[in-house]
Amino acid sequence: MKRKRTHGFQVLLPLSVLAILILINLVKGADYFSVSLINGALYGNIPNILFGASELVILSIGMTLVTSSSGGQDISVGVAATITSSVFVRVLLGSSAITWTAILAAFIVSCAVGIVIGAFNGSLVAIFNVQPMVATLILFTAGRSIAFLVDGRLSPILANDLTSQIGSVIPGVPIQTPIILTAAFIAVVAAFLKATNLRLYSEAVGINPKAARLNGIDPVRIKLLTYMILGVCTAVAGFIAVTKAGRHDSVNLLKFCEMDAILAVAIGGNPLGGGRFSVSGSIIGAYTIEVLNRTLLRLEVDPETIKAFKAAFILVLMVVSSPVVRAYAAKGVAKIRARLDASSARDSCGPEQEEA
Amino acid sequence: MRGICKSFPGVRALRDVGFTLRAGEVHALMGENGAGKSTLIKVMTGVYEKDSGRIEIDGQAIHFKSPQDAQAFGVGTVYQEITLCPNLSVAENMFIGRGRYAFVDWKRMREKAARLLDSLGIPARPTQQLSSCSLAIQQMIAIARAIDMDCKILILDEPTSSLDEDEVRKLFSLMRELKSRGVGIVFVTHFLDQVYEISDRITVLRNGEFIGEYEAAELPQFELVSKMMGKALDDVSSMRKREPSAADGETPVFEATGLSSAAGVRPFDFAIRKGEVNGFTGLLGSGRSESVRAIYAADKVTGGRVRFKGKEASIGDPIHAMRLGIGYLPEDRKGDGIIADLSVRDNIILALQVLNGFWKPFSRKQAEAFADEYIRSLNIKTASSATPIKSLSGGNQQKAILARWLLTHPEYLILDEPTRGIDVGTKVEIQKLVLKLAEEGVSVTFISSEIDEMIRTCSRLIVMRDRSIVGELTGDDLTENVVMRVIAGGSESI
């Protein structure tokens, strides 16, 4: 029960930030929540946010796991997604006809590539003990060139109905496909966490790898596993990104999203040094970032200055959620409670006397 | 300090505790784990703010808001775990973080350090790297640092727990020197003999309450223990050791020949029978911990053969040992035992959960039931099973780790220093538990720095020196005198 309470506090902050952002949007225009049906699918601010944040949400889930087990972040996720999606496009365009089966096959191949990339990063981190950020810097540097080569020095175009339906809407389904895929992916991850001991193992390895090993957990394997899961996340995110875009642009696809993914993990209240983690916190964090981006656009902030506003907002958020401010707030609450107690009981001893 | 109260969410740590320290005395602060010693010290040193009560120094009421505050009023603390920087020099460690200027006058610093070390009789050179000094010297350097900051009140929190006897003597002579200079010393320890050797007065806490303040000379050791535990201490004498019997069978549960490990133990042979309690003894660094770590494959095994219940087995990793039914409670509770940020529950179920497999997590309900069962049966003091284990006192953490292995129902349990740094009451509980396990047919290897504890529980002692086995004692040879002699090398050698 206690755990739920702390967990609740962890997601409380991003949730309240979300609420503030939505409030700002409502002040700007009361039609914020309005949803309209266009060509049989739902559009509006909320669906757009869910649509826009898809890749970020998926990447932040993987980033959360990697952060927990290895106490570091993978800065190559955007680049990795660019590589996996280039493989997807290459395999798909190479097939005789573009059918659902061909798409599925190409997607599975890209997932395999994602796992290989994860295993590469993961073994640098887990076996060779390279700092995660340095280890993934290698792929971060080389990745877009690799994708460029896979693309055949071109920017191949996905000009067919099926992939564009994946990137937008399947006729007859009222919700945009990336939203559905993201929800499905979240469900799969939740089921996996429920069916396995990944949480316990990863947290144990992240907090104390020596003790974890003495209790029969292999820290190397667990770190590798989380990086491979992140690899699958990059493949799914790349798949969604490229079908949304309709063409594979190895230079600009998912550019800078690794930083947003790390940010989402941080906003979600996860310690970036590893250990305990909350996937739901990261997911809320990812949506918060998307809402922030769109709010700034809606407030007609000059696109060139948007990044500065975003940074300022994040600065405030991080300071408010820092342990220093939290401790200060807790102290304040305790003092108020003590004063209330003293006035009612006039007891010489502290506030929790009845509890003991 | 008068009427100090301190509460934490769900737990009241201190209630109306008083403590008086005179100049130039050594005052022992005694109590079991969770009695509130650490909390009181943290209030004294400004780490925690008191909820109510008064703190006075030289008759003036004072309110510490931070450790720096306390330091400014002359309260210095040296903790059990040394908080210096091992890769800096002795002099740097003494003066680091105290300069007001960006530039350091290295020569003056070294001279000052040399003078201070000399005056306190600490055998260390200022330019020496700290990590090249023994633990005792490091501790003394920490004390010297505090003294140089003009402290009038010195708090020593379990300073002797990782020192050998010779080092303890050196530390005590330093404490006497400081006493003669008028420094008031608060001394926290679990070693009763040491309390009587050095202390002038004793304050006893129990369950966060003030029990009394006594002149050390007027309080017999026996009474002190019963005051700490709140009951008369006849437990120890009622303990009966289990002697091996024929019913236990001839085949050892565990048998190793020529076992050696990367940690540098010489190849050794070892066997333990069903229901036997044996122990490895020897000085710190004699290889006793490394030997049991080799059995459990905690360090990389480099040679030797292992048989479990007569069958050839290969233990290359702790998980293999676990699967055979071997449990291992490591010496270094903080570094190898607890997963600090995880809940007591997760810490308790960890080993069994791993044995159960990656794809078979316990449900929340099952895990809670397991944890609650052992929290109750071992009397682990925690606000709830969801509390992070790091917020428990040392003894309760140790019990939780013990619970972790009991939950797996091991056939062979290795306990390396299960009683270190914990109070007398819990020590006795653990010793009794070991004997009860043996009664139930579990084989136990027990390691402790306290020889009387080993003699009380073990029916066979394996004595180590310089990383090899030098003797094995059973039956009538199990007396403190004989054990000490074998550890020291007997009369024949040297």
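Tutor: Let's start at B:Gly121, which has a positive phi of about 70 degrees just after helix 4 of chain B. This is a predicted model, where local features need pLDDT of at least 70 and side-chain atom pairs count only at pLDDT 80 or more, while totals for chains, interfaces and linings use all residues. Residues are numbered from 1 along each chain as its sequence is written, and chains are lettered from A and ligands numbered from 1 in the order in which they are written.

Student: How do you know that the span of helix 4 of chain B agrees with its 15 residues?

Tutor: A helix is a DSSP run of H or I with at least four residues, a strand is an E run of at least two, and both are numbered from the N terminus. The expected span is 1.5 Å times one less than the number of residues. For residues 106-120 of chain B that gives 21 Å, and the end C-alpha atoms are 21 Å apart, so the two agree.

Student: What makes the phi of A:Glu300 worth a remark?

Tutor: Most residues other than glycine have a negative phi. A:Glu300 is not a glycine, yet its phi is positive, about 60 degrees. You'll find A:Glu300 in the loop between helix 13 (279-298) and helix 14 (306-321) of chain A. B:Glu158 is another non-glycine with a positive phi, near 45 degrees, in the loop between strand 7 (153-157) and helix 6 (165-180) of chain B.

Student: Why is A:Glu300 called exposed? And what is B:Glu158 called, with 19 C-beta neighbours?

Tutor: Count the other C-beta atoms, placed from the backbone, within 10 Å: 20 or more means buried, 12 or fewer exposed, and in between partly exposed. A:Glu300 has 8, so it is exposed. B:Glu158 has 19, so it is partly exposed.

Student: How do you know that helix 9 of chain A is mostly covered?

Tutor: Nine of the 10 residues in helix 9 (198-207) of chain A are buried, including A:Leu198, A:Tyr201 and A:Ile207. Among the elements covering them are helix 8 (177-195) and helix 11 (219-245) of chain A, plus helix 13 (344-356) of chain B.

Student: What angle do the axes of helix 9 and helix 11 of chain A make?

Tutor: They cross at roughly 115 degrees and come within 10 Å. Under 35 degrees is roughly parallel, over 145 roughly antiparallel, 65 to 115 roughly perpendicular, and the rest oblique. That makes helix 9 of chain A roughly perpendicular to helix 11 of chain A. A:Tyr201, A:Ser202 and A:Val205 of helix 9 meet residues of helix 11 in chain A, including A:Pro219 and A:Ile222; contact means C-beta atoms, placed from the backbone, within 7 Å.

Student: And what is the angle between helix 4 and helix 6 of chain A?

Tutor: Helix 4 (77-94) and helix 6 (132-150) of chain A pack at about 15 degrees, with axes 8 Å apart. So helix 4 of chain A is roughly parallel to helix 6 of chain A. Among the residues making this contact are A:Ile83 and A:Val87 of helix 4, with A:Phe140 and A:Gly143 of helix 6.

Notes. Contact = placed C-beta atoms within 7 Å. Axes fitted to C-alpha atoms, helices over the stretch in contact; angles between N-to-C directions.
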